[in-house]
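Dear colleague,

Please find the structure below, handed over for your work. A short account of the findings comes after it.

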Amino acid sequence: MKASLHNKNILLGVCGGIAAYKSAELLRRLQDTGANVRVVMTSGATKFITPLTFQALSGHPVHTDLLDTEAEAAMGHIELARWADLILIAPATANSIARLASGRADDLLTAIYLASNSKKAVAPAMNHVMWTAETTRENIQKLQKNGTEIFGPASGDQACGETGPGRLLEADKLISSCTQLFDTGELQGIKIMITAGPTYEPIDPVRFIGNRSSGKMGFAIAQAAIEQGAIVSLIAGPVSLNTPEHSKRTDVETALQMHQAVMNNIDGQDIFIATAAVADYRPIKPRSQKIKKTDDEFSISLTPNPDILKEVAALDNPPFTLGFAAETQNVKDYALLKLKNKKLQMIAANQVSHSEDEQDTGFNSEYNALQILWNGGEARLERCRKTQLARQLITLLAKRYHEKTTT
Ligand code: C5P
């Protein structure tokens, strides 16, 4: 998905430095991208360029005072703080940077900056000695620590006649830096359902048939998908993992419950990722009372569970499907078979380590390695942490998904 400033609300903060005149051009260029721009000036800035210039260019009143009753009645500092998707302070003087870093809120621009949860960026412009001064360095670090982006400065000839770092970045560079802040991710708005973890199939009220799946791979994939802008529903078997922020989690225990939770909500999902280690069989009749020990042989009759992934892939209008194949041998062959039999778009195969001299991968491990197969292609993701692996897998999946949906 391409990032853009179209329809973004940008509050352009202009501070009192000679580079303030460049902000007029910057304003025009921001408007050309389709952004809505409002301008706030510090009192120092008004000594270099008049509010009227920005008002004429932006078509909106320019805000300069914190304690102006008229301005506060129209669009006050809190409204401006809420309105902005991005506060871009360009140019930002050493003084304004110091004031922002120390949490001052005694003029309009600093008050808005402090009161806003929007994205924030500062484009410094000052004499190079001021820029390299220890206190400025510390202030910049403070702003960065608070999540503010620092754009520039560029190096070159300065208005004071000296040369060095401290020039305001050119408008096109500032605009592309701003645009990158809205890079919305490869899966922006795409709905993804992910199954994760094991299932427990009850034998009696205290016993079950389970497996060693920890859910870590599925949860890492959920996290990686969210980072790329996806809307994630996570159907989790019994695991002890924290819910990734911004995901919708449904907890289940048995394969039948997982099946139901998936089928009830699969409508409208764009992608289905089945990482869960679903039990293939369940006891036909779980006992309602605890089974007593006897000396006799004891057996449990099992019946197959529904194959959730296969069922989803066979829907009339199926989502893009990614299955997993955890194998202890002939990994690629079995995975290819599953890809075909279950009619999947992609399958991620991994060798589950099962002896001490093998590297720790797969079930219940922090690490994994995957071989990804699809009709006509394959990729290997080498052994690394599941969190890292999940990001690589999501990148690959997003590419395949977009290729498929555009053909
Ligand atoms: O056939 P097998 O169980 O090896 O296939 C593994 C893949 O199918 C995994 O993606 C797993 O999550 C999914 N699966 C499922 N429902 C089942 C069994 C497996 O969704 N009952």
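This is a predicted model: local features need pLDDT of at least 70, side-chain atom pairs count only at pLDDT 80 or more; totals for chains, interfaces and linings use all residues.

Residues are numbered from 1 along each chain as its sequence is written, and side-chain values use heavy atoms, with hydrogens and water left out.

The protein is divided into domain 1 (9-181) and domain 2 (191-406), the bounds coming from an automatic or database domain assignment. Taken over C-alpha atoms, the centres of domain 1 and domain 2 are 49 Å apart.

Helices (H or I, at least four residues) and strands (E, at least two) are DSSP runs, numbered from the N terminus. Helix H15 (residues 386-406) has 21 residues and spans 30 Å from its first C-alpha to its last. This is close to the 30 Å expected at 1.5 Å a residue, the expected span being 1.5 Å times one less than the number of residues. Among the buried residues of H15 are Leu-389, Leu-393, Leu-397 and Tyr-401; buried means under 20% relative accessible area, exposed over 50%, and partly exposed in between (1.4 Å probe, protein chains only). The buried residues of H15 pack against several elements, including helix H11 (216-227) and strand S18 (367-374).

Tyr-401 is also one of the residues in contact (heavy atoms within 4.5 Å) with Ile-190, leaving aside neighbours of Ile-190 within four places in sequence. Ile-190 lies in the loop between helix H10 (171-181) and strand S8 (191-196), and it counts as buried because its relative accessibility is 11%.

The structure holds 16 salt bridges, each defined as a side-chain nitrogen of Lys or Arg within 4 Å of a carboxyl oxygen of Asp or Glu. In one of them, Glu-366 pairs with Lys-216, with the closest N and O atoms 3.4 Å apart. This pair links distant parts of the chain, since Glu-366 is in the loop between S17 and S18 and Lys-216 is in helix H11, 150 residues apart. Within H15, Glu-403 forms a salt bridge with Arg-400 at 2.9 Å between the closest N and O atoms; these two residues are three apart, about one turn of the helix. Arg-99, Arg-104, Asp-106 and Asp-107 are linked in a network of salt bridges.

Yours sincerely
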